[in-house]
Amino acid sequence: MIVDYHMHLRDAQERIDHTVEGVERFVETAAARRVDEIGFTEHVYYFAQTREIWQVPYDVERCVYDIEPYCDAVLEAKRRGFPVKLGLEVDYVGPRQARLAELLEPYPWDFLLGSVHHVDGLAIDQEPGIWADSTVEEVWRRYFTALAELAASGFVDVLAHPDLPKIFGRRPAEPEAFYPDLRGVALEISTAGLRKPVGELYPDPALLEARPPITLASDAHAPALVAEDFDRALELARQAGYETVTVFDGRRPRQEQLG
Ligand SMILES: [Zn+2]
Ligand SMILES: [Zn+2]
């Protein structure tokens, strides 16, 4: 079984397209690339139902879409027999995490991705962001402290792009010293890092040494990018000793044979 559990429901120009037709375009690429199941994970900050959570201008500006058409598009595609799952990419928001979870509670998620894009309102994956006045060591320490908190919260099922702070290619002398214990959640093996300045898969193989459950992820923001570079993701999974991949239904994980 091959899954791609991280993608954003957009059109070819990466504009929001929360429709069944939009879902079908992703399903077509998945079928062509022999992916058995795909999971949609739109950024949570796009949805007006979560408006009270957001403080950073980047999030506030985007927080104008209704969550219902998004859920309905994926659920309708599911009813039509397409191999799709309903997910969301949920940001780390520190003390507001429990309130965010409460706002998301009414919807029938198959899984929730957890992402740390900001720490204390400062972006990890944009410049200048947190990089303006933190050393590389400080960025890594602050990021992984937040990631560990999110993992332990129980509010998310999978950690997205787990070692995101390597995005610009800057890393401390001993990155392993910053990796926390991330038990209780799955980690995604993401090919998105190959398309960033660092040019590597997320995560570093050292983060897979304790053999946490895994998913596979492209982080596609357009239909053509579903399962992009998955040969590389599968190679990393196999080298790390994995024989299974995690599949989710209604936030319940199970292991299926990988490949
Ligand atoms: Zn992300
Ligand atoms: Zn994403």
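I started with glutamate 89, which is buried at a relative accessible area of 0%. Here buried means under 20% relative accessible area, exposed over 50%, and partly exposed in between, with a 1.4 Å probe and protein chains only. The model is a predicted one: local features need pLDDT of at least 70 and side-chain atom pairs count only at pLDDT 80 or more, while totals for chains, interfaces and linings use all residues. Residues are numbered from 1 along each chain as its sequence is written, chains are lettered from A and ligands numbered from 1 in the order in which they are written, and side-chain values use heavy atoms, with hydrogens and water left out.

**Zinc ions**

I looked up the donors of the zinc ion (ligand 1) and found Glu89 (OE), His117 (NE2) and His161 (NE2), at 2.1 to 2.2 Å. Donors are N, O and S atoms within 2.8 Å of the metal (3.2 Å for Na, K and Ca); water is not among the atoms, so sites may look incomplete. Along the chain the donors of the zinc ion (ligand 1) follow E-x27-H-x43-H. Strands (E, at least two residues) and helices (H or I, at least four) are DSSP runs, numbered from the N terminus. Histidine 161 is buried, with a relative accessible area of 3%. I also noted that histidine 161 has a positive phi of about 25° although it is not a glycine.

For the zinc ion (ligand 2) I found His6 (NE2), His8 (NE2), Glu89 (OE) and Asp219 (OD), at 2.0 to 2.3 Å. The spacing of these donor residues in sequence is H-x1-H-x80-E-x129-D. Their four donor atoms subtend angles of 81 to 170°, which makes the arrangement irregular. Four donors count as tetrahedral if all angles lie between 85 and 135 degrees; four count as square planar and six as octahedral if opposite donors are over 155 degrees apart and all others between 65 and 115; anything else is irregular. The zinc ion (ligand 2) and the zinc ion (ligand 1) are 3.7 Å apart, and glutamate 89 coordinates both. Glutamate 89 lies in strand E3 and aspartate 219 in the loop between strand E9 (214-217) and helix H6 (230-239), so this pair ties together parts 130 residues apart in sequence. Aspartate 219 counts as buried at 12% relative accessibility.

**Aromatic rings**

I counted 15 aromatic pairs. Rings of Phe, Tyr and Trp (its six-membered ring) pair if their centres lie within 6.5 Å; planes under 30 degrees apart count as stacked, over 60 as edge-to-face and the rest as tilted. Tyrosine 5 and phenylalanine 248 have ring centres 6.3 Å apart and planes at 45°, so the pair is tilted. Tyrosine 5 sits in the loop between strand E1 (3-4) and helix H1 (20-32) and phenylalanine 248 in strand E10 (residues 244-249), 243 residues apart. Tyrosine 5 is buried at 0% relative accessible area, and phenylalanine 248 is buried at 3%.

Tryptophan 131 counts as buried at 12% relative accessibility, whereas phenylalanine 168 counts as partly exposed at 21%. The charged end of arginine 170 sits over the ring of tryptophan 131, 4.8 Å from its centre. For this, NZ of Lys or CZ of Arg must be within 6 Å of the ring centre and within 35 degrees of the ring normal. Arginine 211 lies over the face of tyrosine 242, at 5.0 Å from the ring centre.

**Core**

In the largest nonpolar core, of 87 residues, Ile38, Phe40, Tyr70 and Trp109 touch the most other members. Such a core is a set of buried Ala, Val, Leu, Ile, Met, Phe, Trp, Tyr and Cys residues joined through side-chain atoms within 4.5 Å.

**Backbone**

I found a cis peptide bond between glutamate 127 and proline 128, with omega about 5°. Proline 128 is in the loop between E6 and H5. The bond from tyrosine 202 to proline 203 is also cis, with omega near -10°. Proline 203 lies in the loop between E8 and E9.
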